[in-house]
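Please view the sequence and the model together while reading.

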Amino acid sequence: MGQKETKINGGNLFFTDVGSGAAVMLVHGFPLTHQMWDNQIAELSTKNRVICPDLPGFGRSETSRSVLGMDIWADHLADLLNVLEIEKVVFVGLSMGGYIGWEFARRHRDRLSGLVACNTRAINDTEQIARGRKMVAASVVVTGAKPVADSMIPKLVGPDADKSVSESIRKMILATDPESIAKGHLAMAGREDARQWLSQIDVPTLLIGGDQDQITPADEMESDSEMLPNSRFECISSAGHMTPMEQPTKFNPLIKDFLVELSGSS
């Protein structure tokens with residue numbers, strides 16, 4: 001389904017590119033792949049051009065870097081837009097993809113026509129959380145991805161999620177290179193506090209959370225929304241941290257309506 005590869009900064013970047021119209025980029029969470037967006041790619045591409053990459057180091061994308069970070073990923077994605085000759089995009093990021101979205105808005109504001117932050121937060125890690133990430137980073141290269149999947153999945157999905165969602169997430173995690181999982185944890189542990197520049201993100205912004213999200217609670221996302229000058233927050237019922245996968249019939253209309261709003265204001 002529109003599967004392509006290109007060379008970016010010394011590594012092959014894999015992505016899907018389907019549909020036509022205003023461009024939307026869907027950026028996956030950690031430690032997943034573009035496949036988490038399958039329910040969105042098919043529906044959104046009926047009226048928009050949908051770009052959905054595997055971040056460097058994840059899925060089928062390579063990375064030549066020994067260290068990764070939100071800024072590095074944001075620059076990789078801007079380079080991908082250059083390759084595709086796309087001037088502006090609506091950036092949709094979930095969890096770690098949302099962290100990258102804040103950085104993308106800071107570094108590449110001129111490439112944004114809109115921003116969607118899903119199940120993510122602006123604040124950086126506490127010392128305790130960062131310390132835990134560093135411990136996992138040290139252990140995963142020895143133990144492999146299975147312990148990561150076992151510990152993460154109960155927190156990622158809400159109690160109302162279909163079992164197929166957990167199974168799909170498990171497959172993506174188990175297929176991820178443990179080295180990339182380690183680099184991802186270290187990247188998140190070292191990220192900046194995006195609250196420093198939220199007030200400067202003036203593009204239309206939609207924040208979406210789940211009422212069963214244990215990782216980024218809805219009330220925290222609502223507070224982040226209040227720091228943005230041109231934003232609103234939507235909370236999806238019966239959804240945990242993976243709202244696009246758990247509740248696509250509730251999630252997709254929010255994105256589609258937002259895209260229509262943007263097209264009307266352009």
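The points below cover the basis of the model, its salt bridges and one of its strands.

The model is predicted: local features need pLDDT of at least 70 and side-chain atom pairs count only at pLDDT 80 or more, while totals for chains, interfaces and linings use all residues. Residues are numbered from 1 along each chain as its sequence is written, and side-chain values use heavy atoms, with hydrogens and water left out.

**Salt bridges**

- Side chains of opposite charge can pair when their charged atoms come close.
- The count comes to 16 salt bridges, a salt bridge being a side-chain nitrogen of Lys or Arg within 4 Å of a carboxyl oxygen of Asp or Glu.
- Helices (H or I, at least four residues) and strands (E, at least two) are DSSP runs, numbered from the N terminus.
- K256 counts as partly exposed at 33% relative accessibility, and E43 likewise counts as partly exposed at 30%. Here buried means under 20% relative accessible area, exposed over 50%, and partly exposed in between (1.4 Å probe, protein chains only).
- R107 is in a salt bridge with D75, with the closest N and O atoms 2.7 Å apart. Because R107 lies in helix 3 (residues 96-107) and D75 in helix 2 (residues 70-83), the pair ties together parts that are 32 residues apart in sequence.
- R107 is partly exposed, with a relative accessible area of 37%, and D75 is partly exposed at 23% relative accessibility.
- R133 and D125 meet through their side chains in a salt bridge of 2.5 Å, N to O, and both R133 and D125 are buried.
- One network, joined by salt bridges that share partners, contains D75, E103, R106, R107 and E192.

- In strand 3 (residues 23-27), 5 of the 5 residues are buried, so the strand is largely enclosed by the rest of the structure.
- From strand 3, A23, M25 and V27 point one way, whereas V24 and L26 point the other way.
- Strand 3 runs parallel to strand 4 (residues 49-53) and is joined to strand 4 by 3 bridges; two strands pair if DSSP finds at least two bridges between them. The bridge partner of A23 in strand 4 is R49.
- Strand 3 also runs parallel to strand 5 (residues 89-94), with 4 bridges joining the two. In strand 5, V92 stands opposite L26.
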